[in-house]
Structure formats: C-alpha cells, structure tokens
Amino acid sequence: MRTLSILLVSFAVLFLLAQCTNNTPKPEPVTVQEMTPEAEQAYLEKGKAITAAAFAAMSAKLSAAMESGGVAGAVEYCNLAAYPLLDSLSKANNATIRRTSTKLRNPKNAAQGWEVAALAAFDQAKTLVREPKPRVRQLDDGSVVFVAPIKLQPLCTKCHGTVGTDIAAADYEVIKKLYPNDAATGYQPDELRGMWSIQFNR
Ligand code: HEC
C-alpha cells in the first residue's frame, strides 16, 4: 500500500512537471491500475520482442540505405519509410507503436497523452544516472501500454550527433530541409535518445 501511494505521488508530480514543460497536447491522467504480476510480465516480454523486431528491421534498412545512398539518401529513406514499417508492425500486433523524444526531429513524433509523463520519467531517470528500464502500465480505459528507453549507438551519431563533426555539414542541410525545426542533434553514444511507446488495443 505504501509503495502504491509513493507511486501515485510520483506520478502526480511527474504529471505536473510534464504539464509545465509541454503545452501541447494536454496529457491524460496516467494510470495506476493494478495488473497481476503474470500479466505485467507477459506484456513486458511482448513489448520487448516487438521493439527488438522494430529496431532490427529499422537498423537493417538504415544500414542498407546508408551504404547505397550515403547519409543524405538514408535521411530521405527515414523520412519515407519509418512510418510504413511501424504501421505494419502495429497492425500485426493489434497495437499502436511509436517513437518519441524530448528533442524531436519530426514534430509528428511528439509525446501525446499518457506518453508525456512516461517520457518525463525516463528523462528524469537519466539525470539521476539511473538506468531507465522498460515498463508496463494499465491505463484507466483498460488498455495496456509499454514503454522502453531508446539509447544512442555509434551509428546513430551520423544523423543525431554533433553537426560539423559527427554529422557532415552537407548532410545536415538535407536534414534541415526536411525537418526545419530539428532538435535531435548533439547526442553521444549511450545517451538516452528517446522512448518506444506501444499501446495495445483492448
Ligand atoms: C541516416 C540518418 C539517421 C540515422 C543514422 C539515424 N536516424 Fe534517427 N532519425 C532520422 C530521421 C530523418 C528521423 C525523423 C523520422 C521521421 O520523420 O519520423 C529520425 C527520428 C528518430 C527518432 C524519433 C524521434 C524524433 O526525433 O522524431 C528516434 C527515437 C531516433 N531517430 C533514434 C535513432 C537511433 C537510436 C539511431 C541509431 C540506431 C538513429 N536514430 C539513426 C535520421 C537518422
């Protein structure tokens, strides 16, 4: 009971913090419904398997695109192909699979609703040098959500590292053309880049 109230309080605090830092869209209350440990474990495994598959598929396509079209070509590829890939995985798993971040490249990926507080929690864990872990929650509407951290790998610095050193200036021009408000640079390997979000349909 005590842990539950601590959990409730920390969610409330994060919820308020998230509201201060993010004006659109309004977050919905984050869940604190009870799940059986077995159900939680099952969803955790399912979420991990889906994000691993999504990551493997995206990395393979990204590497191939970089080999054939260089960084600039791969950027165009990401712009066109990330969504169809996540959409088909979403359909196959009867879920909504997204990627979000506090520093966005594509504004379409902005955290929405319950994701806002979950992303803020990961971001806070980062500053406490605590390793953020995949988590499962049940929302008030009964649907189950899964979140997991996305960490930066050396390959990612070609498009998310420092402009001028990791990212060639010419490549960054291509990025800026497609994403005029890009904020997703300056990352280093191992840094928290963002969050996977899966909402399983009821
Ligand atoms: C070839 C350039 C390129 C590389 C390499 C690359 N990305 Fe990206 N990344 C992009 C582009 C372009 C987008 C925007 C895609 C879109 O329109 O949704 C993006 C978006 C993202 C997002 C979604 C949030 C946002 O900012 O819109 C995450 C998370 C992300 N990348 C993580 C990674 C990680 C982790 C790696 C390494 C495994 C990586 N990226 C490698 C170009 C790249």
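Me: Which residues touch the most other members of the largest nonpolar core?
Reply: This is a predicted model, and in it those are Ile-97, Phe-146, Trp-196, Ile-198 and Phe-200, out of 19 residues in that core.
Me: And which helices or strands each supply at least two residues of this core?
Reply: Helix H2 (37-92) does, along with strands E1 (95-100), E3 (144-151) and E4 (192-200). H2 gives the most, with eight residues.
Me: What about a second core, who's in there?
Reply: The second one is separate and has eleven residues, among them Ala-111, Val-116, Ala-118 and Val-147.
Me: OK, ligand time. What in the protein is a donor to the iron atom?
Reply: A single one, His-160, through NE2 at 2.1 Å. His-160 is in helix H4, residues 157-160.
Me: How far is the polar side-chain atom of Tyr-83 from an oxygen atom of the ligand?
Reply: For Tyr-83 it's 2.9 Å. Asn-106 also has a polar side-chain atom 2.8 Å from a ligand oxygen, and one on His-160 lies 2.9 Å from a ligand nitrogen.
Me: Last one: which pocket is the space taken by the ligand?
Reply: The ligand takes up the largest pocket.

Note on methods. Residues are numbered from 1 along each chain as its sequence is written. This is a predicted model: local features need pLDDT of at least 70, side-chain atom pairs count only at pLDDT 80 or more; totals for chains, interfaces and linings use all residues. Side-chain values use heavy atoms; hydrogens and water are left out. Donors are N, O and S atoms within 2.8 Å of the metal (3.2 Å for Na, K and Ca); water is not among the atoms, so sites may look incomplete. Helices (H or I, at least four residues) and strands (E, at least two) are DSSP runs, numbered from the N terminus. A nonpolar core is a set of buried Ala, Val, Leu, Ile, Met, Phe, Trp, Tyr and Cys residues joined through side-chain atoms within 4.5 Å. Buried means under 20% relative accessible area, exposed over 50%, partly exposed in between (1.4 Å probe, protein chains only). A polar contact is a pair of N or O atoms within 3.5 Å; within protein, one must be able to donate a hydrogen and the other to accept it, and residues adjacent in sequence count only if both atoms are side-chain atoms. On a 1 Å grid over the protein atoms alone, a cavity is a set of points where a 1.4 Å probe fits but cannot get out, and a pocket is an open set with protein on both sides within 12 Å along at least five of seven lines; lining residues have an atom within 4 Å of a point. A molecule sits in a cavity or pocket if more than half of its atoms lie within 2 Å of its grid points.
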